Amino acid sequence: MSYMALYRKWRPQTFDEVVEQESVVNILRNAVIQNRIAHAYLFSGTRGTGKTTLAKIFARAVNCFHPVNGGPCNECEICRGIIDRRILDVSEIDAASNNGVDNVRSIIDDSMYASTVARYRVYIIDEAHMLSAAAFNALLKTLEEPPENVIFILATTEPNKLPVTVLSRCQRYEFKRISRDGIAARLRHICDESGIDATDEALMFLSEKADGALRDAISLLDQTSAASEGKITLAVARAATGSLEREFLWDFTAAILNSDCRRLLELSRRVFNEGRDPSVFLRELIEILRNMLVVMSVPDPSSLIYEDEQGIRQLKNLSKGLRVREISMLIRELSGLDNNLKWAVSRQIVFEAGVLAAADRRWKEETASVETRLLELENRVADLMEKGLVSLQSHETIPVNDHAAAGQSDHETVREISEINGSAKADQEKIEDVPAVDLPAPELRRDASAVPAPEYSAPSPHNGSAVRRLDKAEWDKICDEMDHRGQASMLAWYSESTQQYELPGDRFMMVFEEEMTVNILKKSTPANLKVVNEVIASMFGRPMEQVIALKEDAPVIIAEAEKAAPGAAVTAFGSAERVETAAGTPAAEKTAAEGSSDPGFDAGVRYFENLSKKMNFKIDYKD
């Protein structure tokens with residue numbers, strides 16, 4: 001076989017080439033320099049951290065004719081013979097396939113003979129935890145008092161499975177997981193020496209994917225290099241390693257935070273249709289939520305998470321309007337779901353049910369104290385009062401028939417209040433000798449019913465243009481009204497709009513620079529957009545159709561609107577006139593008092609009557 005895998009080709013050959021295991025390397029180096037060689041060593045740690053590699057280097061170092069600073073020279077006859085496996089005094093044994101007592105007995109018999117060429121006979125027993133109990137018992141006496149020229153090196157990933165009697169007879173060294181930066185630096189060195197063109201983002205992604213195992217990272221680099229057609233980019237690395245694209249993870253996270261159940265089911269089906277491992281996907285999703293916690297808690301998170309500027313900006317957008325406790329609860333829920341998937345008969349059903357439950361975001365009685373749930377209840381009551389769904393003064397809630405119009409999440413929250421109160425009451429009965437006190441009413445961030453409708457002044461003339469661009473003050477008033485009505489989650493996305501236009505035909509266009517934001521808003525369900533539509537309609541005085549566009553598409557839409565309605569002038573917020581014709585004659589408007597039979601006008605009257613009931617304010621159109 002002419003081709004050698006990268007992880008074999010680039011296996012460290014000296015102590016200096018070992019990555020981030022300085023503590024173990026220094027002890028072994030000094031042992032060789034001071035000639036204080038023990039008879040038994042135990043190397044333990046996670047996969048791919050250098051246990052077997054250091055065992056081979058140490059085996060050459062103790063036998064080298066000309067050691068260099070305690071390490072092997074790799075040039076003498078002994079070092080070359082061990083590397084080429086021509087010297088039988090150094091043996092590597094796989095305990096996974098040679099775990100019986102007979103295999104150990106043969107090792108014991110061979111150790112009784114003197115070494116043939118080398119100074120020491122070295123037995124490297126890899127995956128030592130796979131030895132049977134009888135094999136360990138047979139090895140004990142020899143492990144404790146071996147012949148003078150014999151060294152045992154046991155390597156294992158699960159030292160807890162070794163008998164205590166074996167552990168007590170070995171010098172034990174713990175190998176730590178290799179950091180992401182250390183792996184990335186080693187991958188960069190391999191790429192430079194091998195002529196592989198790779199971006200830093202791709203190498204950092206492979207380093208993170210390896211989860212502390214350098215050998216895994218080098219294997220992933222080898223796999224990605226074979227899949228690429230020249231340069232290894234982040235997209236190539238994600239595709240070669242079977243990871244879903246970053247935009248899909250952003251979309252899935254936004255669906256959970258917005259409780260968009262339909263979108264969650266669509267995305268979950270794609271995960272399974274493409275043959276992805278749901279456990280791997282959940283770990284990537286949890287990593288995004290963890291990064292959101294960092295962004296919410298640290299002013300400069302760039303040193304604590306691996307994200308470019310666009311990724312940090314998206315994390316900040318996702319975390320707007322959320323609390324740390326909510327994100328922590330989501331992480332616990334998804335971690336429990338990952339654990340349940342290991343024993344699930346139908347993984348897709350369990351996965352879908354789990355992500356829907358996480359999107360529901362309810363505090364479980366077994367995972368939250370009474371104080372925590374009461375504090376969360378106060379925050380949710382304040383949110384409901386902002387939306388006009390409950391009132392502490394009148395103790396009234398919206399009618400049951402209006403729950404669907406208010407949104408599924410609000411309906412569930414109203415029902416959850418009684419559930420949390422019931423569980424809190426049961427827990428309160430268990431507390432003894434606590435006098436009853438009246439809890440103060442939660443401090444309301446804003447009372448939506450008490451906020452008067454904002455007054456707007458007409459903007460400056462539009463010079464006969466059919467398209468009017470909103471100024472910053474007008475857009476800020478729309479955003480403020482969305483905030484007043486408890487739409488912080490949707491406002492986080494809408495605030496990314498850089499330009500806003502009023503178009504003919506009762507259309508309102510918002511321009512965005514990020515394509516991901518446009519895609520998420522276009523995929524939002526009508527239930528999520530209902531309150532936003534009401535806010536925009538209340539500002540313009542009539543229902544408006546939302547138009548979401550990228551910055552490069554906006555000029556085309558504006559040109560088409562100007563061409564379709566030449567010379568028309570649009571109106572300001574709340575104006576009674578809709579559109580003036582090119583000749584300047586205003587369109588006739590009939591009031592309800594005049595008994596209009598215009599179907600469009602009657603539909604508008606019904607719309608505002610329903611709107612006034614839901615928002616609890618009176619509209620008098622019979623002046």
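What percentage of the 623 residues in the protein chain is buried? Buried residues come to 46%, where buried means under 20% relative accessible area, exposed over 50% and partly exposed in between, with a 1.4 Å probe and protein chains only. The model is a predicted one, in which local features need pLDDT of at least 70 and side-chain atom pairs count only at pLDDT 80 or more, while totals for chains, interfaces and linings use all residues. Residues are numbered from 1 along each chain as its sequence is written, and side-chain values use heavy atoms, with hydrogens and water left out.

On the secondary-structure side, the chain has 26 helices and 11 strands; helices (H or I, at least four residues) and strands (E, at least two) are DSSP runs, numbered from the N terminus. Of the chain's contacts (heavy atoms within 4.5 Å) with a separation of 6 or more, 73% link residues 24 or more positions apart.

Now to the sheet. Four strands make an open, mixed sheet in the order β8-β9-β10-β11, with pairing taken to need at least two DSSP bridges between two strands. Because β8 (468-469) and β11 (545-550) each have a single partner strand, they sit at the edges, and one side of each is left without a neighbour in the sheet. Further in, β9 (residues 499-503) runs antiparallel to β10 (residues 507-512) over 5 bridges, and Leu-503 has Arg-507 of β10 as its bridge partner. Helix α25 (residues 554-564) packs on this sheet and touches β9, β10 and β11, its direction making about 160 degrees with that of β10. Axes here are lines fitted to C-alpha atoms, for helices over the stretch in contact, with angles from 0 to 180 degrees between N-to-C directions.

Arg-121, in strand β3 (residues 121-126), is a curious case. Arg-121 is buried but has no salt bridge, and Asp-89, the nearest side chain of opposite charge, is 4.3 Å away. Beyond four places in sequence, Arg-121 touches residues including Asp-110, Tyr-113 and Asn-149.

Elsewhere, Asn-98 lies in the loop between β2 (90-94) and α5 (101-111). Asn-98 is partly exposed, at a relative accessible area of 29%. Leaving aside neighbours within four places, Asn-98 is in contact with Ile-93, Asn-103 and Leu-131.

Notes. Lys, Arg positive; Asp, Glu negative; His and termini not counted. Salt bridge = Lys/Arg side-chain N within 4 Å of Asp/Glu carboxyl O.
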